[in-house]
Amino acid sequence: MMGHQAKRIAIVGSSISGGLAACYLKIRFPDCDVVAIQKRGAKFPVVGESLTEFSTLLLHEVGLGAYLEEKHFHKYGLTFYFKEKIEDPSSYRYAAHEAMRIPPMPSNQVNRFTLAKRLQERAVELGIRVVEGTVSDVAMGDGAPHRLTYVAESGESQTVDADWIVDASGRNRFLAKKLGLAQAPPFQRSAFWFRLENFNRSILDEMEQVKTPHHCFDSYFVTHHFLGKHNWLWAIPMRPEHDDRNLISIGIVYRPDLYPEQIHSVEAFLRCVGAEHPVVAKLVRSGTIVDTNVFRNYFYETRQSYSKQGWFLIGDAGDTVDPLYSTGMAMTSIQIKQVAAIIEADRNGTLTDELVNDLQALYKKIRNSMQYEISTMYEVMADPFQSHLRMHCASAFYFFFLLPSWLCGYITDRAGARLMMKFLDDGIGPFQSLKELLTHASARLGPRPADEIRNLYGSTVNWRLTGPNEQMLPNDYATCSWFFARIRLYALRRAGWHQWHKHLPLCAIDAAKGMLIRLLGRGGSLREAGLVRRYVGI
Ligand SMILES: Cc1cc2nc3c(=O)[nH]c(=O)nc-3n(C[C@H](O)[C@H](O)[C@H](O)COP(=O)(O)OP(=O)(O)OC[C@H]3O[C@@H](n4cnc5c(N)ncnc54)[C@H](O)[C@@H]3O)c2cc1C
C-alpha cells in the first residue's frame, strides 16, 4: 500500500487505452505526475472504430466531446442484418434490425488514426509527460516505488520510478509476459479487415431490407453487422483525415474451429463473403483498398489484471474481446474507472484486498461471460431466429443493466460491484437453458421468413436513460429480468412447450426477481438498502 505522498503514475504504451487512461487519471488526480512511455513510430494494426456509450462518455470526460462530434461521425446504434437464405447468393433479402430512433446517449464511429493523434495532443495539453521509448524492464517495488527501464530514442537506457504502473502495451503484453499472467482462452478467433475508400455507397440500397420505417437518421451512419455461417462482418463508416472521400472500415471475424476457410487476403474475403453477402462483395469491388490486416487465433487472456501493489493491465495488454457489440473500448473504459478508484483508495489510505478483488472479479465476470456468450453464438450465427433473440438479450443486458450500473458508479464501489456480480451469477445458468430452448424452438419451426424475425429494439434499448439516476436503477434491473422472462415464454410457445416444467418456474423466478428488486430499491439506492447489503455480504 502506498503512503499519502505517492504521486507518480507511469503508463506503458500510449495508444487508445494508454492515452485515455493517462488523460483521465491526470484529470482525476491533478497533483500527480503522469508519464506515458510510448514506442516511437510503432507499426501495429489499428482497429476499433465503433465506440459505445462507455468510451464516448470517457472521451467527453477528458474534454474531447466537441472534438468527437466535429471530427468523427455520430453513431446511430448497431444495425444487424439477418439474411433470410444465407446459402443463396442470389438472395439480397434481410431482416434489418436498427434503432428506430436516435439512441438516448451519444456514441461515435471514429477514425482511430486521427483520434490517436488528438489523444496524444490532449495528454500534452493536460500536462502529461509523453516520453518516446520502449519499456524493456520493470523492477517491482515491494512497498517502495516500481522502477521501469526504457530505451529512449537516443538508444540510451533510462529509468522512471512510479507508485502505480498502468500497462497499456496492447498485444506486446509487457507486464503479462514479465509476470507470467497469461492463461489459455476457451475459444479462439481470427479476423481480416481493411479500409476502403471511394466506393459506391448506394450499393447498400440494393439489399431488400425488412425493417421498421423511420425518419430519425441516415441509416448509413450506424455500425453495420452482417451475420453469416460461423462468422460476421462489420462495416463502419469513418471520417477521412484530409478530404471528403468516402472511407469505411470493413472486416470479418470468425471462430477458426468452425469456419472452414482462413481469410488472409482481399481475394479470399471476396470469395467467401461473396457467397453469403454478395452486396458487401459488390461494395468492396466498387472502391479502393487502403490497407489490409490479418489476425489469426488472436484471442488471449490473463488471470489477473489489478494488484494492490500498484500495477494494472488494461485494454489489449490484458485480455482481448470479440468486437461484436463493439465491446473493446467499452471494457477498457470500465477498467480505467476501476483503476482510478483503486488509486484513489490507495491515496486515501483506505485500500483493501477486498476492494481490489471485488473490482477485478466484476471486470473479469463481465468480460468472461460476454465472451462466452459471443463465442457460442458463432454456432448459430446464421440462424436468424436464434441469433436475433440472443442479440436482443445482449442489448437488454447492456441498456438495462450494464450501462445504468456504470453511470451510477456501481462498477467502482464494493457493494455495487457485488450486487452486479450476484445479478450476473444468478442469470448465467438460466441463460444457458434459454439458449437450449431457442435451439429447440428453431429446429421445430424450421427456417423463418425475414418478416417473422422481429426487431425488438423498441424494448431492448433503454430509451429513458439520460445519465446517472440511482432511483431508476431498480426499475432498469427489473425491466432486464422481465425481458428475459418474456423471451423465455416466447421461445417456450415456439418450442411447443418443450420442458415446460423446467422453463415456466424459471420465467416465474425472473418475473419475481424483477418485482423484488423494484421493491427493495423503491425510492432510494439499491446498493444502500440494508437487505441488499446483507445479501451481497457487505
Ligand atoms: C478485429 C477487431 C475489431 C475491433 N473492433 C472494435 C470496435 O469496433 N470497437 C472497439 O471499441 N474495439 C474494437 N476492437 C478492440 C480494439 O481494437 C482494442 O480494444 C484497442 O485497439 C486496444 O487498444 P490498446 O491501446 O489497448 O492497444 P494498442 O492499440 O495495441 O496500443 C498499444 C500501444 O503500446 C505501445 N507499446 C507496446 N509495447 C510497448 C513498450 N514495451 N513500451 C512502450 N510502448 C509500447 C504500442 O506501440 C502501441 O502504441 C477490435 C479488435 C479487433 C481485433
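**Helix packing around α10**

The axes of helix α10 (residues 384-407) and helix α11 (residues 414-445) come within 9 Å and cross at roughly 165°. This is a predicted model, in which local features need pLDDT of at least 70, side-chain atom pairs count only at pLDDT 80 or more, and totals for chains, interfaces and linings use all residues. Residues are numbered from 1 along each chain as its sequence is written, and side-chain values use heavy atoms, with hydrogens and water left out.

Student: Why is α10 called roughly antiparallel to α11?
Tutor: Angles over 145 degrees count as roughly antiparallel, and the axes of α10 and α11 cross at roughly 165°, so α10 is roughly antiparallel to α11.

Student: What is the hand of the crossing in which α10 passes α11?
Tutor: A crossing is right-handed if the near helix is turned clockwise from the far one by less than a right angle, and α10 passes α11 in a right-handed crossing.

Student: Which residues of α10 and α11 make the contact?
Tutor: With contact meaning heavy atoms within 4.5 Å, the residues include Phe385, Leu389 and Phe397 of α10, and Phe423, Leu434 and Leu438 of α11. The residues of this contact of α10 with α11 divide into 14 nonpolar, four polar and two charged.

Student: What makes α9 roughly antiparallel to α10?
Tutor: Helix α9 (residues 353-377) and α10 pack at an angle of about 165°, with their axes 11 Å apart, and that angle makes α9 roughly antiparallel to α10. The crossing of α9 and α10 is left-handed.

Definitions and conventions:
Axes are lines fitted to C-alpha atoms, for helices over the stretch in contact, and angles run from 0 to 180 degrees between N-to-C directions. Helices (H or I, at least four residues) and strands (E, at least two) are DSSP runs, numbered from the N terminus. Angles under 35 degrees count as roughly parallel, over 145 as roughly antiparallel, 65 to 115 as roughly perpendicular and the rest as oblique. Ala, Val, Leu, Ile, Met, Phe, Trp, Tyr, Cys and Pro count as nonpolar, Asp, Glu, Lys and Arg as charged, and the others, Gly among them, as polar.
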